[in-house]
Amino acid sequence: MAKKKGGAREYLTLECTECAARNYRTPRRMKDSPKLALKKYCKVCRRHTAHKERKK
Ligand SMILES: [Zn+2]
């Protein structure tokens, strides 16, 4: 079965603000949501750090 290709879906990358590792990918949701800093676990820092959205 062929999958529908309805155009590329936009993804945001969540980047650790401390070591700049890109740890998470999330589908883009709200059009004009401000850039958020999210607390996520960074495997490089080995602790929770702020992650910010980054587009390609
Ligand atoms: Zn980090």
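User: Is A20 buried or exposed?

Analyst: This is a predicted model, in which local features need pLDDT of at least 70, side-chain atom pairs count only at pLDDT 80 or more, and totals for chains, interfaces and linings use all residues. Residues are numbered from 1 along each chain as its sequence is written. A residue is buried if 20 or more other C-beta atoms, placed from the backbone, lie within 10 Å of its own, exposed if 12 or fewer, and partly exposed in between. Because A20 has 10 other C-beta atoms within 10 Å, A20 is exposed.

User: Where does A20 lie, and what is its phi?

Analyst: Helices (H or I, at least four residues) and strands (E, at least two) are DSSP runs, numbered from the N terminus. A20 lies in the loop between β1 (11-16) and β2. Most residues other than glycine have a negative phi. A20, a residue other than glycine, has a positive phi near 70 degrees.

User: What pattern does the protein chain follow along its sequence?

Analyst: The protein chain has zero helices and four strands. Read along the sequence, the pattern is β-β-β-β.

User: In what order do the strands stand in the sheet?

Analyst: Two strands pair if DSSP finds at least two bridges between them. Strands of a sheet pair through backbone hydrogen bonds, either parallel or antiparallel. Here the pairing is antiparallel, and the four strands form an open sheet with the order β2-β1-β4-β3.

User: Which strands stand at the edges of this sheet, and by how many degrees are neighbouring strands turned against each other on average?

Analyst: β2 (22-27) and β3 each have a single partner strand, so one side of each is left without a neighbour in the sheet, and these two stand at the edges.

User: How many bridges join β1 to β2?

Analyst: β1 and β2 form a hairpin with five residues between the strands, and A20 takes its positive phi there. T13 has R25 in β2 as its bridge partner. The two strands run antiparallel, and the number of bridges joining them is five.

User: How many of the six residues of β2 are buried?

Analyst: In the protein chain as a whole, 7% of the 56 residues count as buried. β2 is hardly covered, and its count of buried residues is zero.

User: Over how many bridges do β3 and β4 pair?

Analyst: C42 stands opposite R47 in β4, and K39 stands opposite A50 in β4. β3 and strand β4 (residues 47-54) pair in the antiparallel sense, and the number of bridges is six.

User: What is the phi of R46 in the turn of this hairpin?

Analyst: R46 is placed in the loop between β3 and β4, a hairpin with four residues between its strands. R46 is exposed because it has 8 other C-beta atoms within 10 Å. Although R46 is not a glycine, its phi is positive, at about 60 degrees.

User: Which residues is A37 in contact with, its neighbours within four places in sequence left aside?

Analyst: A37 lies in strand β3 (residues 37-42), and it counts as exposed because it has 12 C-beta neighbours inside 10 Å. The C-alpha atoms of A37 and H51, 14 residues apart along the chain, are separated by 5.2 Å. Two residues are in contact if their C-beta atoms, placed from the backbone, lie within 7 Å. With neighbours within four places in sequence left aside, the contacts of A37 are T17, A50, H51 and K52.

User: What distance separates the C-alpha atoms of T49 and C16?

Analyst: T49 is found in strand β4, and it is partly exposed because 19 other C-beta atoms lie within 10 Å. Leaving aside neighbours within four places in sequence, T49 is in contact with C16, T17, E18 and C42. T49 and C16 are 33 residues apart along the chain, and their C-alpha atoms are separated by 6.6 Å.

User: How far apart in space are E10 and K55, C-alpha to C-alpha?

Analyst: E10 is placed in the segment before β1, and it counts as exposed because it has 10 C-beta neighbours inside 10 Å. E10 and K55 are 45 residues apart in sequence, and their separation in space is 8.9 Å.
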